[in-house]
Amino acid sequence: TPLTVRLAYVGPAASDSLAGARQGIAEGNAQGKFLGLVFELVDSRELSAALATQPAAILLDLPAAQVAAATQAAGVAVINTGAEDDALRARCAPNLLHTLPSAAMRADALRQWRQKSPQSQASAHAW
């Protein structure tokens, strides 16, 4: 019997984060069948509904204040997929992971690039 790993998504219905989560689930299931794993994504609009599904982790595409509040309410890993807020990183909640660089990280990357290439009109973006 395969082990089901449930992830819950909370955020806008039309977001790159949700599209990425769906793609990740599809890729995970392609590999998971060889390992006896099935990945499942629960798409929810509310944190309480997402937590009720007993996920292994919650993917959040929400403003920083809501992400910070969710880390306190959730007893599982919280994966921030949308908030670039530096304060979230400074708080360093033990159950909070980030898929995006913070605003300060992006600014630092751009500063370093411009020091090496002053004529460049580059901009820094997340993957």
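In what order do the five strands form the open sheet? The order is β2-β1-β3-β4-β5, and the pairing is parallel. Strands here are DSSP E runs of at least two residues, helices are H or I runs of at least four, and both are numbered from the N terminus. Two strands pair if DSSP finds at least two bridges between them. The model is predicted: local features need pLDDT of at least 70, side-chain atom pairs count only at pLDDT 80 or more, and totals for chains, interfaces and linings use all residues. Residues are numbered from 1 along each chain as its sequence is written, and side-chain values use heavy atoms, without hydrogens and water.

Axes are lines fitted to C-alpha atoms, for helices over the stretch in contact; angles run from 0 to 180 degrees between N-to-C directions.

Inside the sheet, β3 pairs with β4 (residues 77-80) over four bridges, in the parallel sense. Leu-60 stands opposite Asn-80 in β4.

Now the helices. Helix α1 (residues 16-35) lies across β1, β2 and β3, at about 160° to β2. α3 packs on the sheet and touches β3, β4 and β5 (contact: heavy atoms within 4.5 Å). Its direction makes about 170° with that of β4.

The largest nonpolar core has 18 residues. Such a core joins buried Ala, Val, Leu, Ile, Met, Phe, Trp, Tyr and Cys residues through side-chain atoms within 4.5 Å; buried means under 20% relative accessible area, with a 1.4 Å probe and protein chains only. Val-10, Ile-58 and Leu-60 are among the residues that touch the most other members. The largest share, four residues, comes from α3.

Note on methods:
Buried < 20%, exposed > 50% of the residue type's maximum accessible area, 1.4 Å probe, protein only.
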